[in-house]
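Please have the sequence and the model at hand while reading.

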Amino acid sequence: TIKKEGADSLSLSLAGCLHCTSEVSMPPVSLTIASPTNIAVIKYWGKRNSKLNLPINSSVSVTLNQQDLRTVTTVCASRDFGKDRLWLNGKEEDVSGNKRVQAVFKEVRAYAGDLFDLKSGHLLVKRSEWPEMKVHVISTNNFPTAAGLASSAAGYAALTFALAQLFAVPKTVNLSTIARQGSGSACRSLAGGFVAWDMGSKDDGSDSSARQVAPASHWPELQVLILVVSDSKKTVSSTAGMDISVDTSLLLAHRAAQIVPERLKQMESAYLAKDFAAVANLAMQDSNQFHATCLDTFPPIFYLNDVSRAIIGFVHAFNDACGEVRLGYTFDAGPNAVLLVLKEHITQALGAILHYFPPRAGCDVGYVNRADLYASARATALPDGLESLYPLTPMPSAVRYVYHSDVGPGAMIVDDDESLADASGMPKVISASESNKTCVSSNVPAPLRSLQVRVLSTAAISVAFLFGMAVLRTAHK
Amino acid sequence: TIKKEGADSLSLSLAGCLHCTSEVSMPPVSLTIASPTNIAVIKYWGKRNSKLNLPINSSVSVTLNQQDLRTVTTVCASRDFGKDRLWLNGKEEDVSGNKRVQAVFKEVRAYAGDLFDLKSGHLLVKRSEWPEMKVHVISTNNFPTAAGLASSAAGYAALTFALAQLFAVPKTVNLSTIARQGSGSACRSLAGGFVAWDMGSKDDGSDSSARQVAPASHWPELQVLILVVSDSKKTVSSTAGMDISVDTSLLLAHRAAQIVPERLKQMESAYLAKDFAAVANLAMQDSNQFHATCLDTFPPIFYLNDVSRAIIGFVHAFNDACGEVRLGYTF
């Protein structure tokens, strides 16, 4: 059962793993969840405590709709597993050496309770049994890591939420303080809509947690366009970068102490009032200020590139031409632009974007994740005066692809037919489609293409087929 | 005579204008000077008073050698000229509508004195005659304006200095307060070597002036490499840009009040001590912080492009490879 807002009940199935092999004496207990990514509009950048991921300022974000961008995570627990294991996007990661993954496992396990099957009421795992059971975590993002779309946030939120459901952690436990220890911004992905991460003041971080300011249903007109920018340059990771910034940027300390608190209040008010211009202006200013502190870091950190700057210039010119603020931008630790826009202006905005940032010649298909939106945007005229305000030669290929999304729910349990694990609790074998040289391949992110499940046995055909279809339907909606 | 250190003496010639035409009954009095450009290592960005070009923080710069980059300015004065005129790089500019040029003319004229020919001792122009005489200013940079190499600074310094010599302004008058009114950073081009522009605190700007911290001879080993980057994009002018920054950047006010004063002290000490690493590090940090405040402006101002950033990355890598700071950058 797919839940729209967080997780209210458990839906576990003893038969979750259909392909029982002789390796496993009893099928692993298994669960599959999906977690969204989020985009901060008042930015988190800098820690006062690295070990616990305690920030120097509070932050607030919008949770993006899982229909478009999400992390699916299957967790399987079994007495027969030798150790905890983790696979990310098909590749096994080192669990034992990863302090952050360890922290999440440890924190969640501390709250483990008795696990009951909701349908049957049957006791599946007693609290005292959990220490004997190891966990396999299989996680896949449906968006490329290289796209810089906050995969850590989605990933650690997914891990935390999945383990918490599996270990039957009581609902009273604040999971965001645990997800935070995996990756700071992950704490904001557990809830949907508009989510604040209160920095807290305690040394143990127990009050550094996320809360929902407004659910997704508060403002359905608010949408986003994510412009994924081609960038071959490796940039500094957020984790490393923010430490250097805290150490070297004199402007950052001032920002955190004197500027952000006031902006947060303004942003929360503006969002609750559905004041788009105020929200957009604050988001733009805060994104710029975050990047300013990166430039004030020594050595300086550059996340924006010339295309990012061209997009920024475009947004200001578009708003000037329209005579009001209809677009806002925000950039995380990478060159990709997340544009905020109201539904009523989306075709006009996207049409203008396509004019200045078109796909490579002949590569229209798949450039935008929604073909119908792409078509109507192409047919929409530019606002009057935009070309004279922004006489920029169109830059084909500067933007790799465009995602349209809106604000959505937080982490949720999903049906077992989305499970990424086989009966023995190992990652399902999936074959990547033949990569061809067409524009469709180059436009559509790889993980989406590769989620075409290869059928392993007759018994699995219907499940796999359903799984594949569900993913395809999701991807092309 | 090209002077390496500001201007010490006048060199005038009655025959300055070789191509006298019949329009002119008496040859104009004429003078030619050369003025350098300067590169700030602790940046000026933002005014507390636009009219007088009073800055929100002090700044300090190195004056570049005129052998490579300079503005040559000839000024001619004659009773027969109908009005003041100005040519920049061959193109006549509007003097009457340009408030800053007007300010410099007016300020310098206020101090005009008797002009004597140094060689002959002959009185060329009496103080009381100056109001009747209009001036032609002909100025040329030997570097392209589009290169962004502080041509305003060199230009207004040249204008101020040239007019001051022509009008026989006494040496006691602080010319930097006049050049400053043309273009803020111009005040730092009147002196050579390492020059500070003290922001001052008076409303009339009389204490907002430049002083030489160290002459060029203090540190001959210090050199510069200017990498002129191709850029077709028109960017926001300094004058307009710094106003928007003052109005919209919350980080800028903090920089000016809390960060720059300390950095200036450190920079002056480091320069006097010829501590290259310290000077270079401070210069890099201050350049970055200036550009950070531009990014914090709304709408944001971008002066650095991808090539600029590549150069920055290169400098850091070069220093790492050498195991010490051998290069510093400022933009």
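How much space lies in the largest cavity? In this predicted model, the largest cavity holds about 160 Å³ of space. Sixteen residues line the largest cavity, and those closest to its centre are A:Leu295, A:Phe302, A:Arg309, B:Leu295 and B:Arg309. A search of the whole structure finds four cavities of 30 Å³ or more.

Both chains take part in this lining: helix 6 (276-295) of chain A and helix 6 (276-295) of chain B each supply at least two of its residues. The two groups of residues below can be set side by side by class.

| Group | Nonpolar | Polar | Charged |
|---|---|---|---|
| Lining of the largest cavity | twelve residues | two residues | two residues |

Attention now turns to the interface. There, 27 residues of chain B are in contact with 27 residues of chain A. The area buried between the two chains is about 2,400 Å², and carbon and sulfur atoms give 73% of that area. On the side of chain B, the residues that lose the most area to chain A are B:Leu251, B:Leu295 and B:Phe298, which together account for 26% of what that side buries.

Polar and charged groups also meet across the interface. Six residue pairs are in polar contact, and the count of salt bridges between chain B and chain A is two. One salt bridge joins the side chains of B:Arg309 and A:Asp306, at 3.4 Å from N to O.

Which elements of chain B give two or more residues to the side that touches chain A? They are helix 5 (250-272), helix 6 and helix 7 (306-322). Helix 6 of chain B gives the most, with eight residues.

Conventions. Residues numbered from 1 in each chain as written. Chains lettered and ligands numbered in written order. Predicted model: local features only at pLDDT ≥ 70, side-chain atom pairs only at ≥ 80, totals over all residues. Heavy atoms only, no water. 1 Å grid on protein atoms, 1.4 Å probe; cavity = no way out; pocket = protein on both sides within 12 Å on 5 of 7 lines; lining within 4 Å. Points joined across faces, edges and corners; volume = space filled by probe spheres on them. Helix = DSSP H or I, 4+ residues; strand = E, 2+ residues; numbered from the N terminus. Nonpolar A, V, L, I, M, F, W, Y, C, P; charged D, E, K, R; others polar. Contact = heavy atoms within 4.5 Å. Buried area = accessible area lost by both parts, 1.4 Å probe. Salt bridge = Lys/Arg side-chain N within 4 Å of Asp/Glu carboxyl O. Polar contact = N/O pair within 3.5 Å; in protein donor to acceptor, adjacent residues only side chain to side chain.
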